[in-house]
Amino acid sequence: MKRTSGKRLLAGLMCAGVILTLAGCGAGSGGSRWTDGSGAGDSYQDGNLEVSAEDTGYGTMGTGGGPGETSGSQDSGVRDARKLVETVNLEVETREFEQLMTALESRVGELGGYIESMNTYNGSRYSGEGAVRNASLTVRIPQGNLRGFLETVSNVGNIVRRSEDVKDVTLSYVDMESRRDTLRVEQSRLLEFLDKAQTVEEIITLEERLSEVRYQLESMESQLRTLDNLVDYSTVYISISEVQELTPVEEPTAGARVRDGFLKSLEDIRCGFVELGIWFAVKLPYFVLWGAVLFVVILLLRRRRRRLYGNKEEKKKDGPKENI
């Protein structure tokens, strides 16, 4: 008999969970009542434990007052507001790398934001134009201060490329809120039922369902906190490069392109000679070492040649004399 009661209780909870889910998904629609067709609320009774639709709040849905309410005046402000996730990508170049980095870090703090990640390359590798320094940053800025931060970036650096993306997550947010509220109601009712449970099977069944509800509730609240952070703080990805000359904002004329190209060629030749001189100075110890080795080899070869030549001369002098 007790086993039958546990099975009936589990079936009742599963049915209530289905109705509860439908209640969450149907929030905001016209008021309705879950009945068995006769006008009376369904209920489950086992000894002293009675679970009715009115007790759980599953039978009343919509915006009317009562424990089954999934939306109210306290959430109206949140649900009316649009939830926008804004992302900006910037490619910036500068001739004053250190000054720009300092200005950006200072401005982020002033606006109440923070740097989520930063990767800086200090130019240990050399090219024809000298040290190459660059950095990539992921910055989180309060949504209301985003425009001010972008204006600061454009003032301290030259923005070569800019892209913005705005994603509306209002519907997803409202759905998750509704599901969270539904899970909270179910958790509250399950705790009440657990206080009334008298058999071990009832307690085990209720605790298993309560554990599932708590896990789903924690997951839903974590997702909502993540969305809140993405909405409240816009994300700005910044790629910074140090250059000798800034990219012009306007398209140059043909004459300006010829002039700039000619000057650039002269600059490349100058840089080439400078790099050649640096390379030669760096490799000079090797040249000295190999020069010394080559000098010794040549010296030995000359001595050997002189020795062979001297032996030949002596042989000629000591050769057989002709009979007179």
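This is a predicted model: local features need pLDDT of at least 70, side-chain atom pairs count only at pLDDT 80 or more; totals for chains, interfaces and linings use all residues.

I started with Asp181, which counts as buried because its relative accessibility is 12%. My cut-offs for this: buried means under 20% relative accessible area, exposed means over 50%, and partly exposed is in between, with a 1.4 Å probe and protein chains only.

Residues are numbered from 1 along each chain as its sequence is written, and side-chain values use heavy atoms, with hydrogens and water left out.

**Arg180 and its partners**

I checked what Asp181 pairs with, and found a salt bridge to Arg180, with the closest N and O atoms 3.2 Å apart. The rule I used for a salt bridge is a side-chain nitrogen of Lys or Arg within 4 Å of a carboxyl oxygen of Asp or Glu. Arg180 has 13% relative accessibility, so Arg180 counts as buried too. I also noted a network in which salt bridges that share partners join Glu86, Arg147, Arg162 and Glu164.

Arg180 also meets Glu177 in a salt bridge, at 4.0 Å from N to O. Both residues lie in helix H6, 3 residues apart, about one turn of the helix. For the record, helices (H or I, at least four residues) and strands (E, at least two) are DSSP runs, numbered from the N terminus. Is Glu177 buried or exposed? I looked it up: Glu177 counts as buried because its relative accessibility is 3%. I then looked along the chain from Glu177 and found Leu224, 47 residues apart from Glu177, with 7.6 Å between the two C-alpha atoms.

**Thr170**

Helix H6 covers residues 170-196, and Thr170 lies in it. Thr170 comes out at 14% relative accessibility, so Thr170 counts as buried. What does the side chain of Thr170 reach? I found the backbone nitrogen of Lys83, at 2.8 Å.

**Glu110**

Next I went to helix H4, residues 97-110, where Glu110 lies. Glu110 counts as exposed because its relative accessibility is 56%. I found a salt bridge from Glu110 to Arg107, the closest N and O atoms being 3.1 Å apart. The two sit in helix H4, 3 residues apart, about one turn of the helix. Arg107 has a relative accessible area of 25%, so Arg107 is partly exposed. I also checked Glu110 against Asn145: they are 35 residues apart along the chain, and their C-alpha atoms are separated by 10.0 Å.

How many salt bridges does the rule give? I got a count of 15.

**Arg305**

Last stop was Arg305, in helix H8 (residues 254-317). Arg305 counts as exposed because its relative accessibility is 67%.

Definitions and conventions: A polar contact is a pair of N or O atoms within 3.5 Å; within protein, one must be able to donate a hydrogen and the other to accept it, and residues adjacent in sequence count only if both atoms are side-chain atoms.
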